[in-house]
Amino acid sequence: MATTTASLDLPQDPDRVWQLIGGFGSLPDWLPYIPESELSEGGRVRRLTNQDGGVIIERLQAFDHDARSYSYAIEQAPFPVTGYLSTLRVHAVPGSPHASRIEWSGTFTPVGGSDAEAEDLFHGIYTDGLAALEKTVSA
């Protein structure tokens, strides 16, 4: 099983950042390459459409508003992995309670490629996503 994590510190209150990114359907609010998110099954499944019209279907596995985190699994996507589980988390930076640390991590099993290739793919997705978040909150 492969794994990767990306993180970003922002000079923003953790609750403010969580308000922006903590909704399971909120990706279009801060992630430009996901312009559409349609929720179903009571908000537990999201159907994402990327800029190229590709579809990704993800299922919420865990949600903890107080801990500012949620985990989700991919049910359908054009990625060469199976068993994908990811967590998005926001917490205060140690020693700086009004700054946020956002962590995006995932575990998955590559299909037709190496662990390193799959890790590079998702690390790039996570770091690009966090860079987009930084741009959004700085605007």
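Predicted model: local features only at pLDDT ≥ 70, side-chain atom pairs only at ≥ 80, totals over all residues.

Q: Rings first. How many aromatic pairs does the structure hold?
A: It holds 14 aromatic pairs. One of them is Phe 108 with Phe 122, a tilted pair at 4.8 Å centre to centre and 40° between the planes.

Q: Where do Phe 108 and Phe 122 lie in the chain?
A: Phe 108 is in strand E7, residues 96-110. Phe 122 is in helix H3, residues 115-138. The pair links distant parts of the chain, 14 residues apart.

Q: Is Phe 108 buried or exposed? And Phe 122, buried or exposed?
A: Phe 108 is buried, at 0% relative accessibility. Phe 122 is buried too, at 2%.

Q: Which residues do the ring pairs link into a cluster?
A: Among them are Trp 18, Phe 24, Trp 30, Phe 63, Tyr 72, Phe 79 and Trp 104. Phe 108 and Phe 122 belong to that cluster as well.

Q: What sits over the ring of Tyr 72?
A: The charged end of Arg 46, 4.7 Å from the ring centre.

Q: Switching to pockets. How much space lies in the largest pocket?
A: About 230 Å³. The lining has 18 residues, and Tyr 33, Ile 34, Ile 56, Phe 79 and Ile 125 lie nearest the centre. Phe 79 is also in the ring cluster.

Q: What is the lining like by class?
A: 15 nonpolar, 1 polar and 2 charged residues.

Q: Which element gives the largest share of the lining?
A: H3, with 3 residues. Strands E3, E4 and E5 each supply at least two.

Q: Now salt bridges. How many are there by the count?
A: The count comes to 6 salt bridges. One of them joins Asp 9 and Arg 101, with the closest N and O atoms 2.7 Å apart. Asp 9 is in strand E1 and Arg 101 in strand E7, so the bridge ties together parts 92 residues apart in sequence.

Q: How exposed is Asp 9? And Arg 101?
A: Asp 9 is partly exposed at 38%. Arg 101 is partly exposed at 23%.

Q: Where does Glu 41 lie? And Glu 75?
A: Glu 41 is in the loop between strands E2 and E3. Glu 75 is in strand E5, and Arg 59 is in strand E4. Glu 41 is exposed at 51%, while Arg 59 is partly exposed at 24%.

Technical notes:
Residues numbered from 1 in each chain as written. Heavy atoms only, no water. Phe/Tyr/Trp six-rings, centres within 6.5 Å; stacked < 30°, edge-to-face > 60°. Helix = DSSP H or I, 4+ residues; strand = E, 2+ residues; numbered from the N terminus. Buried < 20%, exposed > 50% of the residue type's maximum accessible area, 1.4 Å probe, protein only. Lys NZ or Arg CZ within 6 Å of the ring centre and 35° of its normal. 1 Å grid on protein atoms, 1.4 Å probe; cavity = no way out; pocket = protein on both sides within 12 Å on 5 of 7 lines; lining within 4 Å. Points joined across faces, edges and corners; volume = space filled by probe spheres on them. Nonpolar A, V, L, I, M, F, W, Y, C, P; charged D, E, K, R; others polar. Salt bridge = Lys/Arg side-chain N within 4 Å of Asp/Glu carboxyl O.
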